[in-house]
Amino acid sequence: MAAAESPSAALRRRDLCSRGIRLAGKMRADVVDLLDAYVEQQGLDASASAAAVEGVPLAAVERWDEQTGTQRLLENLAAYRAFRTLLAQMLEEQREQLGEADAGLGRALAAVLLQVSAFAYHLEELLRLESRGVPGEEGDEEEEDGPPPPPRLSLFEQKLRGLGVLRELAQWAVRSVRDLRQLAKPSPATGAAPGLAESP
Amino acid sequence: ESHTQYERVGADVTMKCGSMDWDAAVTWTANGTDIDESHLNGSYLVLKNVDLSQSGQYSCYEGSSWHLKYQTNLRVGMPPKEPVLMCRSNNYPKGFYCSWHLPTPTYIPNSFNISVIHGTKDMVCEKDAVPKNRCHIRYLQLFSTVKYKVTLTVTNPLGKNFTTLTFDEFAIVKPDPPESVVAKPVPNNPRRLEVSWQNPSSWPDPESFPLKFFLRYRPLILDQWQHVELSDGTSHTITDAYAGKEYIIQVAAKDNDIGTWSDWSVAVHATPWTEEPKHLTTEAQITETTSASTSSFMAPPTTKICDKGAVVGSGAMAVCWTAGLVVAAYSVLFI
């Protein structure tokens, strides 16, 4: 951004950020509850360390404080789009595994999926405000030769994967709150993107 | 030659007088005092079931020449028990520190070695100069689900022991208590107390990582605390204080999103504002003052004569009506 932000854009950004922070906060609380229910109902050990599950966006980041506002938004958006797909998959697997027996868990999963979708949309709004084009979603274009579909997982592997997904989502929800707070800070007059801090 | 020898409490210790033969005539001293022959087996010094008080400088002298043949510094102690280790992040997101101590003393020098692993990565915990048993580490990554594993090994000449802590980034976040807690009465409000405080100075970035607060207060005469949780701001007005009662107030802090509550701050005491008793000259006092020629009415400096809003007139001629009454009463006396 070469030019300084207009006051109305700054106001809209701050407004979107505060709403985003509230959304992320609520989402995190629901994911944590879902995680507890998931661990219990899937008969998993809560302390099981799930090795990095393939395809799950990791919230862990180095030099977080040095990221630009745009970087934060893009990384968040990519993550939540991935979670949208992963949660939809989990919901499908859930229905196959348990049918009607565990409607509560299914409902909770669906509720979180809805919040993830809403948050992804919210991030797109913020990116539009930053005058950045919103990147297209991978897999939207059917003609593209994407990677082959992953081999079908065993039931246990599905459960472990689900644990990994929810754990990372909970981390992302905390990270998103922090990212949005950085974004909400007024950008310096030089026009540098918000969130660009001094190197430690 | 002189050296140091470490022995366990309760051990049996045999000391040889250097290269002297067993049947050589020698004298042993402990811290300069001769040791009784009953402790000798030939020229060997035998100490059975040693205790801490037997630590000291032991010297062996050749019988006739009093030539020093051997000297040792005996240190009686114990191998270390499992150390107590604690790790905490009071300066999130910069890093965390670990501190440790032994549950019981060993009475001999110990050395500590700490290792920190994050996943497969070894991290260096830099030892603090002060306090000694503490080291700190900078976070290289944030928002990681991978746990940290900290192993502390303590070693001394008599043995070694260790302990391990495993935790994730969020779990150990615990700020220091809020600082500069101040509680003040609110003028003309007998049930209010204004409390303010500051973020702990160790918390590096309260703007990006805001803290929320927990206030607790009670009158000194009661045991039950009142609690208020505050999600922002560093001040709060208590509005339900018991009039005239001294209160004790404390504040705690927590990161808005992760970790645990700090310890309670230093306690402050405050009493709500109370109306001061009016030291007005009453009718009875006026009638008592019969020889009034030299007497004059002087209000005690701290006494409030006027209530707010009871002032009549303005500027230099402003007089409160109660004082006016008193003056009028005196005037009547002198007429």
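Let me start with one residue: R152(A) counts as exposed, at 63% relative accessibility, where exposed means over 50% relative accessible area, buried under 20%, and partly exposed in between, with a 1.4 Å probe and protein chains only. What we are looking at is a predicted model, in which local features need pLDDT of at least 70 and side-chain atom pairs count only at pLDDT 80 or more, while totals for chains, interfaces and linings use all residues. Residues are numbered from 1 along each chain as its sequence is written, chains are lettered from A and ligands numbered from 1 in the order in which they are written, and side-chain values use heavy atoms, with hydrogens and water left out.

R152(A) sits in the loop between α3 (103-129) and α4 of chain A, helices here being DSSP runs of H or I with at least four residues, and strands runs of E with at least two, numbered from the N terminus. Leaving aside neighbours within four places in sequence, R152(A) is in contact with E96(A) and Q158(A), contact meaning heavy atoms within 4.5 Å. Chain A as a whole has four helices and one strand, running α-β-α-α-α from the N terminus on, and of its 200 residues 42% count as buried.

Chain B is divided into domain 1 (3-77), domain 2 (84-167) and domain 3 (179-270), with bounds that come from an automatic or database domain assignment. The centres of domain 1 and domain 3 of chain B, taken over C-alpha atoms, are separated by 63 Å.

Where in chain B does Y107(B) lie? Its place is in the loop between β10 (95-101) and β11 (111-118) of chain B, and Y107(B) is partly exposed, with a relative accessible area of 43%. Not counting residues up to four places away in sequence, Y107(B) touches L52(B), R75(B), V76(B), G77(B) and M78(B).

D255(B) and R178(A) meet in one of them, at 3.0 Å from N to O, and the pair crosses between chains, from strand β23 (residues 247-255) of chain B to helix α4 of chain A. Are these two residues buried or exposed? Both D255(B) and R178(A) are buried.

Within chain A, E125(A) forms a salt bridge with R128(A), the closest N and O atoms being 3.0 Å apart; both lie in helix α3, three residues apart, about one turn of the helix. R128(A) counts as partly exposed, at 43% relative accessibility.

Key
A salt bridge is a side-chain nitrogen of Lys or Arg within 4 Å of a carboxyl oxygen of Asp or Glu.
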